[in-house]
Amino acid sequence: MTLEETLRRKIDLKTKPLGALGQLETLALRIGLIQQTETPALNNPTILVFAADHGIAAEGVSAYPAEVTYQMVLNFLGGGAAINVFCRENGLDLRVVDAGVNADFPEHSSLIAAKAGYGTASFLHGPALTVKQLEFCLAKGAELVQGLQQTGCNVVGFGEMGIGNTSSASMLMSVCTGIPLDQCVGKGTGLTTDQLSRKQSVLQQALALHGSPTDPYKILQTYGGFEIAQMVGAMLTARSLHMVLLVDGFISTAAVLVASRMQPEVLENVIFCHHSAEQGHGLLLDFLKAEPLLRMNLRLGEGTGCALAYPLLKNAVAFLNQMSTFAKAGVSSLDD
């Protein structure tokens, strides 16, 4: 009997009608398969919020000025952001990764210095990253996850902060999937109709300049961000270490998309935490054949969807490991 068959049988023999716990059963099965065990456990869950600035923000594609990236990282470090609140409430560790914010930060116990530069170049005029920057980001993301795994962590959540990064994610999505760019571009942090038109025009110009490369590394170098590239490197390594990957919203899902172009098996370890309100996210989830855990019209980023969904993982593992079987509880099953 395969591990999947064993897990399915274990789930089916619990004191409930077949399938009665719905998506929670699917979640328990997925976690068991990721960890390659009949008795999975969630240890030292950690959310990494990757932060970086984007040169494309200077082209008027965001409702907020670029300095908000720096200001929000300070808010994370001060414990005042939504992700801080949700991590505290749900027992998750939080680390903030300076992947390339256009400012320097004082040392802080929750801050990981991993700066690839002071913001990417604008992909309206050339590639966003150099080859060396891309290599650095992929290696740094891998290093961060290896470090987490050595502390006993086996659940890692992916969040981000970066003014302009919905533009980057939209480009990655369109080029990787072939979905028309106008269907991938949304209002981000709250653009007006006129601002959205400006954003769409800028991104169309960038697409006309660079076209649609087929190599995922080239796609990431051309249209990506430091935080997105570090997430890709981290995701690929987390997969190799049999870790559970919690993925937040549109930008994090775009990172999964690129990672899956490099290594399709990475999707086996991913749990998509929510369906965001950003226009392209639903289409991207459909493309990846993903069924997110939550639908709450979130569009914040920061890993908030991961933190909110995490209790569902805890309960999935708990019922799998603790709930009685029909035989043990002395309850008649349909087979009796």
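Strand E2 is mostly covered: 6 of its 8 residues are buried, meaning under 20% relative accessible area with a 1.4 Å probe and protein chains only. Strands here are DSSP runs of E, at least two residues long, and helices are runs of H or I, at least four, numbered from the N terminus. The model is predicted, so local features need pLDDT of at least 70 and side-chain atom pairs count only at pLDDT 80 or more, while totals for chains, interfaces and linings use all residues. Residues are numbered from 1 along each chain as its sequence is written, and side-chain values use heavy atoms, with hydrogens and water left out.

Start from E2 and look to its partners. Strand E1 (residues 46-52) joins E2 (residues 93-100) through 7 bridges, and the two run parallel. Two strands pair if DSSP finds at least two bridges between them. Val49 has Val96 in E2 as its bridge partner. E2 also pairs with E3, again in the parallel sense, over 3 bridges. There, Val97 stands opposite Ile112 in E3.

Now the whole sheet. It is open, has 6 strands in the order E3-E2-E1-E4-E5-E6, and its pairing is parallel. Strand E3 (111-113) and E6 stand at the edges with a single partner strand each, so one side of each is left without a neighbour in the sheet. From one strand to the next, the twist averages 25 degrees; axes are lines fitted to C-alpha atoms, and angles run from 0 to 180 degrees between N-to-C directions.

Move across to E5 (residues 244-247). Both of its faces are covered: Val244 and Leu246 are buried on one side, Leu245 and Val247 on the other. Strand E4 (residues 155-161) runs parallel to E5 and is joined to it by 4 bridges. Gly157 stands opposite Leu246. E5 and strand E6 (residues 270-272) also run parallel, with 3 bridges. Leu245 stands opposite Val270 in E6.

Of its 29 lining residues, Gly188, Thr189, Arg299, Leu300 and Gly301 are the closest to its centre. Helix H3 (67-78), E4, helix H6 (165-177) and H11 each supply at least two lining residues.

A pocket is an open set of points on a 1 Å grid over the protein atoms alone, where a 1.4 Å probe fits, with protein on both sides within 12 Å along at least five of seven lines; lining residues have an atom within 4 Å of a point.

Conventions. Buried < 20%, exposed > 50% of the residue type's maximum accessible area, 1.4 Å probe, protein only.
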